[in-house]
Amino acid sequence: MRTFLVVFLFSFFSLPSLAATPTPEQIAQFKSLSPGQQAAIAASQGVSLPGAGGVQEMPQPMVDTVQRVKLDPIDTVKKEVLRDQTAEVRAVQQTDFGGQSRYLKEPARQKMKLPVFGASLFAGNPTTFAPVNDIPIPTDYILGPGDQLKIQLFGNKSAEYQLVIDRNGSVALPEIGPVSLAGLSFSDAVSVLKKEIDKLGIGVSSSVTLGQLRSFRVFVMGESRNPGSYLVSGMATLTHALYVSGGISDIGSFRDIQLKRQGKLIASLDLYDLLISGNSKQDVRLQPGDTVFIPVRSRSVSISGEVKRPAIYELKSEKKVADLIDLAGGLTHEAMKQKAKLTRLNKDGFSVISDLNLTLKKDLNITLKDGDAISVSQGNQTFERYVSLSGQVYRDGLFAWSPKMTVLDLLPNIKAFKRQADLNYVLILRQMAPGEPMTVQTFSWQAIASGQASDLPLNSNDQVIVLSQQAGEARRSALNEVVSILREQSSLGEPPAIVTIKGGVKFAGTYPLQENTHLASFIESIGGLRLNVDRDYGLIKRKRPETGEAYFEQFKLDQAKRLVLQPEDLVLLFDHDKNDRSGIIEAELGDLYSQSRKGEPPLVAGVTGVVKFPGKFPINDRGRVADILLAAGGLTEKTLSTEAELFRYRIENGEKRVSDRLMFNPQLALQNNEQHNLLLQPYDEINLKPIAQWNETSVSVTVKGEVRYPGVYRINPGDTMQDLLKRVGGFTEWAEPKNVVFTRENLKQREAMEMQQMANDLEKNLLMGLKADAGLIKGDSQSILALGQSLISRLKSTPALGRLVVTLDRNDPVGYASTLNMELREGDVLYVPKRSYEVLVTGEVARAASLVYQPNMSVSEYLGRSGGATKRADNDSIYIVHGDGSVERFADGWFDSALSTTVLPGDTIVVPLDIERMNPLVSWTSISSILANFALTAATLNAIGVFN
């Protein structure tokens, strides 16, 4: 119950903006409480009850009664403007005509729909219109039922009352009684109340203010966008009613908005006074039951172009053209007063256009008629007597021109330029007279400033452009702007005066071209050649004036001084050290292929074989073999200069294509020997042969160890081991020739591939044996798995050696002779070890060890000194790897004699693992043996000292 009362009082005494009217049940329940409980609850909410200097009665809640009516989803004002989708009208649509847009710079068009002046005042779609309850109340405000008065007593008696004028027009003043106030102005009501309060006794003073204002209903009729009845605040005026109803319709009047009260005209509002002058004197306050009436617009005219507020205007007292210009805010500073137009419908319904001179009084005094349209043209904005400067300068822009002005007057010293300015190639863009094409002149400021060239006079309207000396976006952008102008003004038969240069120069690109410009001077003006340019071969791609077909001309740079450039020339220069020549040229050959036809094949020939730049190259009807050889970079050191082939294709009997082979001497062709410098034809193919036995790479072998002159030796094809031993000076006194190690690169690669394949096979075999349903693995599967993984790991990590077994032991005459006659290959390595005095025992023995060699000691004795073989050893597969790389099987059976096996210094005795008994890994035996051979070969090399 207590909680309910707190909630009740909170809602009851809350702020007016949040208040809700209590129900009769809530009021009755509150009154049923004792006075003490009522006072305690009221005090907890910060209010006072009657009898304790409190509130006499509950204030009526004041709601924001002035509410904006929701407009149509598509504003009709926007509908007007959107009928013409020009950029100017769209700009006007977004403009508040209190400060007009400057986008409407052209005369009014026939289909253009100008906005109605003042329509933007009601544009947009706000959800509410702010009430006027918190502004000072004027003393002439007329009170009525619903207005709230706040009375505060102080002095001998203190109290505060919030009294609402009831429907009878009275307020109940405590201890005094009802006081009639309706119909009185606020100042008169204050006087009446103070007189009544004075009756309470001497020493009681009072303060009377207005609280919440009443709301009442008014009518908005006529040409409103949303006519109807609206609830407005007590301080609402005519403009408030217009906002509430959504504004004035397309045909409504802005000049004669009428306020009617009980059928009588009370006031009339001209919105133009408010919009143009800010005069709100006619915006009177409304009273209950008032009617705001918007009549139909009477006369309207339009004005567009160079006025400050182009729009459609409604005329009232305005009659003349001058009056309309005043309504539009006057003319802009760009207006051409002598060139205005008046469009008017005549009596036959046709539009008649008349010229107006707004500097003449007679034209300004022309009487306007309904529907007239005036357009004011823009003045000529073309500058005269100026020079434009742009680019890499510190002060760019427009400069005044004088008749004797020169380049040095505009750019007097080096301080005018930025650091990256190109002083040797400056552009002047010039137009001699209106309607004539633009021309471009170039000059070197550096040459003029140093006195090497004459100063150039400047014409009015010249545009001087200073380029950047860096081949970046700034330079390209400035050039592209000039080139675009030249291209746009070109026409059929008059190609643009431009030239493009690619490769071989400091600043490649497209440039304007002056008449009678030679290639040499042009290259020098744009920065010059690069150091590595090919001076013997260049191309110019041109178009024939009469047909527009493309063709190529070949030149040398020493001819550049005599070569005059033509419009739309494409100059191709090439570098010696770049191999993209054929690709650049082939990209330009498309025109030759596309314009070819039957009987007129494309003038293209090819070069293959031993040349620097093989590929397809353009030729002309005078082209010869020497020309295309220069195009391909000429002969190289590897090229056979005495003989080459030319394949020529022809159609035989119109049925098939056959080729003829012509032989020529390329060296003589380059010397202009007519017999060999053959005339080229389309589709010719030249093949240049290499010099016999030319090897592009230098073949070398390496010799290490105990020779007199170890090192890397260059060899010729056919050199043998005997030749190499002579060059290294033979063996030293500590050498052991019979244990030499010889490795070859191709063997190393083959061994690596075999070992990788073995590792893959072993891994597959292991996975198959581990299948649960295979039934292949018996016994300790984990041990077998570990063994298999160990073998795979060792096999993958074992390096390939590529050893070839050779012998340089004179005691083996057959092997010795074969080794001496063996031809050497690139990458061969010969290692001659020192004399060895130990024997290595490894594999499945108790302890692998290196033992001192003792003559006549058997294999069994060496094994015994290493602790003997283990249980896992394969005693039937013991091997001896000799120092020269050969392998000998140790036989100790009934029919074999152990004495037949001789152990020598540097030998390795290996006892392999017995894998055959571990079914199903029988196939591992061969792999294990090969792996052992690789590993033991490495061990042998270690034993004889190769890795020491």
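Which residues does Q258 touch, not counting residues up to four places away in sequence? Let's start there. Q258 touches L265, A267, S268, T291, V292, F293 and P295, where contact means heavy atoms within 4.5 Å.

Quick housekeeping. This is a predicted model, so local features need pLDDT of at least 70 and side-chain atom pairs count only at pLDDT 80 or more, while totals for chains, interfaces and linings use all residues. Residues are numbered from 1 along each chain as its sequence is written, and side-chain values use heavy atoms, with hydrogens and water left out.

Okay, back to Q258. You'll find Q258 in strand β8, residues 257–261. For secondary structure, helices (H or I, at least four residues) and strands (E, at least two) are DSSP runs, numbered from the N terminus. Q258 is buried, at a relative accessible area of 13%. Buried here means under 20% relative accessible area, exposed is over 50%, and partly exposed is in between, with a 1.4 Å probe and protein chains only. The side chain of Q258 also makes a polar contact of 3.2 Å with that of D256. A polar contact is a pair of N or O atoms within 3.5 Å; within protein, one must be able to donate a hydrogen and the other to accept it, and residues adjacent in sequence count only if both atoms are side-chain atoms.

Now the whole chain. We've got 24 helices and 39 strands. Of the 948 residues, 43% are buried. Take contacts with a separation of 6 or more: 62% of them come from residues 24 or more positions apart.

Next, strand β11, residues 299–305. Six of its seven residues are buried. What does β11 pair with in the antiparallel sense? That's β12, residues 311–315, through five bridges; two strands pair if DSSP finds at least two bridges between them. β11 and β12 make a hairpin with five residues between them, and V301 sits opposite Y313 of β12. β11 also pairs with β15, residues 373–378, this time parallel, over four bridges. There, S304 faces S375 in β15.

On to a helix: α6, residues 186–198. Who's buried in α6? F186, A189, V190, L193, E196 and I197. Looking down the axis, those buried residues of α6 fall within an arc of 130°, so they line one face of the helix; the arc is that of the directions from the helix axis to the C-beta atoms. That buried set packs against β1 (148–155), β3 (170–173), β4 (177–180) and β5 (204–210). On the other side of α6, K195 and D198 are exposed.

Over to F647, in strand β28, residues 639–652. F647 is partly exposed, with a relative accessible area of 25%. Its C-alpha is 6.2 Å from that of S659, twelve residues away along the chain. Beyond neighbours within four places in sequence, F647 contacts D660, R661, Y683, D684, E685 and N687.

Last, some backbone angles. N461, in the loop between α12 (445–450) and β20 (463–468), has a positive phi near 75° without being glycine. E568 has a positive phi as well, near 70°, and is not glycine either; it lies in the loop between β24 (550–555) and β25 (569–575). N461 is partly exposed at 24% relative accessible area, and E568 is partly exposed at 34%.
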